[in-house]
Amino acid sequence: MSAESPAVDYSGRENQRLSETRSIDYIPLRERHGHPFSQFTLWFGGNLQITAIVTGALAVVLGGDVVWSLVGLLVGQIIGAAIMSLHAIQGPRLGLPQMITSRMQFGVYGAVIPLVLVCIMYVGFSASGTVLAGQALAKLINVSNATGMVLFSAIIVVIAVLGYRVIHKLGKVASVIGVLAFAYLFITLLSTHDLSAVWQNQHFTIANFLLAVSLSSSWQIAFCPYVSDYSRYLPANVSANKLFSSVFFGTVLGTQASMTLGVIVAAIAGKAFSGNEVGYIVGLGSSATMAMVIYFAICFGKITFTTLNAYGSFMSLTTLVSGFRQQTSLSRGGRILFVVLMVTIACIIALISEPAFLKSFTHFLLAFFVPWSAISLTDFYLITKGRVDIPALSQPDGRYGRWNWVGIVVYCLGVWVQLPFIDNPLHHGSLTWIFAGNDVSWIIGWFVTALMWLAARRWDRRGTLERSIHPAE
């Protein structure tokens, strides 16, 4: 965490507008506000939700036992969350959303490559969330699933348009609701089921253990392309250690709690859980009233999580378009248009797609963000030391140029080196047998790409900076 922490004259003044006015532009020091703890509540509350429960349950559904599945999931959380938390520090240090900084390594136009892919991935994640949340909302207000999905998408549009401050407030509320709901579900499980047989059924295999590690690590790495979007308003000189710890423990504790519930429920329910995840979880309620409360908790948890995806995809689309138009900001009307566009696409996909294919497709796309993450973090912490020419990020003829072919080639090689180790319904790598048929492409791709980017320093034509260059405030 040695990236440059700028010496700033931070006034502590805070913009009190509820609705966010900035998008991809640099956040001036006078508008910085907040405390690292807000990152804890955001990622803790955002991960206490149904999709994380279902993801954790897969460790058992696909053959693992409870004990070693939980250990594997925790190991994966720690690895993935560490990478994610390092990205979070980039937000306040640079005062920029996550993906626009890719122009440093790929060029102003070259950054379109990861940007297009990240837009697709987060629209896919939003669509997956809309399916589950729409079903829960439909039960809650007694409408059809399709109507529930449309209403849920409308809620997401409003929150994503309002932006940063509202999303963080939502995270605080989600933390409280999530803790209460999960406490109730855990107490219900412990009081109504004999779990001794579940705990005693231990059968460690390296294949199932690696599966659990991959499930949770890929879950955390999926946040990397937008994690600093939610930390960029923090004071520029905020403690890196406090910020890292807030994000790390928030996302690890929230996700592990959800996945633990999923593992235990799947072990108890057996075949009754798969395909009826929402219904089974709600069925744990002891009365019709509690069932409705759980439906509400599921909806609220998905609102937080899907808003993160919608806001992140909107920011990425804005970054993509602005690169070619040489814009540094977005009008209010443009913001609404882009948010509505991305959420509408996600809603349509949710209404017409096959959920299994959607899940396989979005997880396959993660292979394209592992090398991006390696390049971004290696560049930030070891090469540029957090120093950036911010005006040049919008100047195709500036320091970073139109296309940085060194960065693009290293990125493509980073994707290519993962292919033999990917195990996904859309692609089965030829070398997955080495790891008992498990997908470990993410860890191979990350470290190989990082080493290639360090080796490529000799061709770096960006020059060195003594300190960051900021726009005039």
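**Close-up 1. What lines the second largest cavity, by residue type: five nonpolar residues, four polar ones and no charged ones.** This is a predicted model. Going through the lining by name, we have Ser-126, Thr-130, Phe-152, Ser-153, Ile-156, Thr-306, Ala-310, Val-343 and Ala-346. The space inside comes to about 40 Å³. As for how many cavities reach 30 Å³ or more, the count is four.

**Close-up 2. The helices around the second largest cavity.** Which helices supply at least two lining residues each? They are α5 (112-141), α6 (145-162), α12 (288-325) and α13 (332-352). The biggest giver is α6, which puts three residues into the lining of this cavity.

**Close-up 3. Asn-142, in the loop between α5 and α6.** Most residues other than glycine have a negative phi. Is Asn-142 buried or exposed? Its relative accessibility is 71%, and because the cut-off for exposed is over 50%, Asn-142 counts as exposed.

**Close-up 4. Lys-385, in the loop between α15 (370-383) and α16 (405-418).** Here's another non-glycine residue with a positive phi, about 55° for Lys-385.

Key: Residues are numbered from 1 along each chain as its sequence is written. This is a predicted model: local features need pLDDT of at least 70, side-chain atom pairs count only at pLDDT 80 or more; totals for chains, interfaces and linings use all residues. Side-chain values use heavy atoms; hydrogens and water are left out. On a 1 Å grid over the protein atoms alone, a cavity is a set of points where a 1.4 Å probe fits but cannot get out, and a pocket is an open set with protein on both sides within 12 Å along at least five of seven lines; lining residues have an atom within 4 Å of a point. Grid points are joined across faces, edges and corners, and a volume is the space filled by probe spheres set on the points. Helices (H or I, at least four residues) and strands (E, at least two) are DSSP runs, numbered from the N terminus. Ala, Val, Leu, Ile, Met, Phe, Trp, Tyr, Cys and Pro count as nonpolar, Asp, Glu, Lys and Arg as charged, and the others, Gly among them, as polar. Buried means under 20% relative accessible area, exposed over 50%, partly exposed in between (1.4 Å probe, protein chains only).
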